[in-house]
Amino acid sequence: MAGTGVFSEIIEGEVYKYYAEGEWRKSSSGKSVPIINPTTRKPEYKVQACTQEEVNKVMEGAKEAQKAWARTPLWKRAELLHRAAAILKDNKGPIAECLVKEIAKPAKDAVTEVVRSGDLVSYTAEEGVRILGEGKFLVSDSFPGNERSKYCLTSKIPLGVVLAIPPFNYPVNLAVSKIGPALIAGNALVLKPPTQGAVAALHMVHCFHLAGFPKGLIGCITGKGSEIGDFLTMHPGVNCISFTGGDTGIAISKKAGMIPLQMELGGKDACIILEDADLDLVAANIVKGGFSYSGQRCTAVKVVLVMESVADAVVDKVKAKVEKLTVGPPEEDCDVTPVVTESSANFIEGLVMDAKEKGATFCQEYRREGNLIWPLLLDHVRPDMRIAWEEPFGPVLPVIRISSVEEGIHHCNASNFGLQGCVFTRDINKAIMISDAMETGTVQINSAPARGPDHFPFQGLKESGIGSQGITNSINMMTKIKSTVINLPSPSYSVG
């Protein structure tokens with residue numbers, strides 16, 4: 001059970017503590033932030049409302065701890081990460097419980113997220129040992145005009161303090177995808193979890209605490225973004241920011257200054273369907289890609305662009321599968337569960353009403369109870385409808401009928417987003433050509449968009465982000481190159 005057993009020290013009374021200098025602490029503010037259960041729409045948990053002074057202390061402790069951590073042998077860093085991964089997986093039950101209550105993630109998916117996170121941390125430890133254990137040796141005479149008089153040794157060294165800001169929909173997995181690479185590379189890590197998902201993240205951080213990481217190396221600050229958000233992202237002690245979320249990331253990138261940024265900011269992932277596609281495969285992937293976790297994923301299918309000649313068949317097959325989706329509370333492992341907040345539900349409803357006013361065909365009756373929105377397929381959507389361009393982050397999927405592949409590519413590329421896309425066809429040559437033309441970070445062929453496996457590169461173009469994620473890319477991004485050049489004296493002897 002959350003907050004009990006090995007986790008009993010992270011809570012006092014009804015309020016979960018924040019983590020600083022190897023200790024669980026109460027904020028001097030005396031204030032807390034409530035976390036609303038999306039299903040009951042009532043307060044479920046409370047976390048500390050940390051102050052700016054407490055942020056300063058966490059940053060100071062992280063900076064000091066990082067110096068010693070950078071000198072810690074690579075194998076030792078990996079050993080601690082493996083230990084944290086094992087503890088995380090051993091405690092999947094309480095952490096999954098938090099995910100169910102905080103973000104309405106279906107129970108089975110919540111457990112999967114925690115196990116996946118443990119696997120990610122272990123893989124990161126192994127990958128870090130491999131890529132950080134190697135350097136380069138360069139010689140000067142490979143460049144014109146130089147003698148063989150200089151040797152250059154290069155290695156990767158840590159950046160310093162990494163600020164990690166994960167989103168609500170994967171508050172554990174997308175936190176460790178930042179924590180693991182930062183730590184194996186020799187950095188300190190300060191985590192600012194999302195409000196919805198904060199308690200799951202605090203439980204996860206405690207697993208790293210139990211693994212025995214040095215005091216101050218990891219910090220976890222909770223509180224209101226309006227009070228500490230800008231203070232954190234603009235803090236002079238931060239040497240790198242890894243952020244996953246919405247357009248807040250654009251504001252962060254404008255304020256952060258000259259530090260490395262890793263940003264994933266959402267998408268309007270298009271699914272282009274050609275006439276020769278396997279329509280049963282298409283329907284299965286549209287439903288899974290569009291409606292799993294109620295569409296609250298950056299890589300969810302956000303718009304279907306289907307050739308007119310097969311559109312009726314595709315819509316009929318998708319409708320049949322949508323009718324079989326279960327809708328209800330996450331505790332019952334329903335396919336579609338409440339969206340995370342009332343404001344999210346209101347935003348989704350606004351997109352639906354706009355589509356209705358402008359003549360979209362409703363394949364199901366629109367139905368909403370509180371934060372719970374029933375899955376809805378909208379056919380005959382036109383480009384003048386908001387749903388054609390905006391990211392609903394909910395269980396509503398628009399279908400746009402196209403008369404040519406070029407029309408589908410044009411719609412995809414006209415979006416401000418460019419995270420992922422997918423194309424369904426039996427012709428691999430067409431698939432590759434369409435993939436090359438789509439302005440997205442990743443294109444899936446004959447499968448819905450997806451993040452993972454976690455060692456695959458994951459990146460977006462345009463307003464979908466900066467930099468690339470994935471375990472190897474994240475390790476490299478959280479390091480910099482250090483060169484040592486050996487200058488050889490002119491030889492006083494001749495050879496031969």
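**Aromatic rings and cysteines in a predicted model**

Phe 168 and Phe 393 are both buried. Good morning. The structure before you is a predicted model, and I shall begin with this pair of residues.

A pair of aromatic rings is described by the distance of the centres and the angle of the planes. For Phe 168 and Phe 393, the ring centres are 6.0 Å apart and the planes meet at 75°, so the pair is edge-to-face. Phe 168 belongs to the loop between strand E9 and helix H5, while Phe 393 belongs to the loop between strands E19 and E20. The two are 225 residues apart, and their pair links distant parts of the chain.

In total, the structure holds six aromatic pairs. One of them joins Tyr 16 and Tyr 45, edge-to-face, at 5.8 Å centre to centre and with 85° between the planes. Because Tyr 16 lies in strand E2 and Tyr 45 in strand E6, this pair ties together parts that are 29 residues apart in sequence. Tyr 16 is buried, at 3% relative accessibility, and Tyr 45 is buried as well, at 8%. Elsewhere, ring pairs connect Trp 69, Phe 208 and Phe 213 into a cluster.

Next, a charged residue. Lys 105 lies over the face of Tyr 170, 3.7 Å from the ring centre. The charged end of Lys 105 also sits over the ring of Tyr 293, at 4.9 Å from its centre.

Finally, the cysteines. How many disulfides does a search of the whole structure find? It finds zero. For Cys 207, the nearest cysteine sulfur is that of Cys 98, 11 Å away. Cys 207 is buried, at 0% relative accessibility, and Cys 412 is buried at 6%.

Terms used: Residues numbered from 1 in each chain as written. Predicted model: local features only at pLDDT ≥ 70, side-chain atom pairs only at ≥ 80, totals over all residues. Heavy atoms only, no water. Disulfide = S-S within 2.5 Å. Buried < 20%, exposed > 50% of the residue type's maximum accessible area, 1.4 Å probe, protein only. Phe/Tyr/Trp six-rings, centres within 6.5 Å; stacked < 30°, edge-to-face > 60°. Helix = DSSP H or I, 4+ residues; strand = E, 2+ residues; numbered from the N terminus. Lys NZ or Arg CZ within 6 Å of the ring centre and 35° of its normal.
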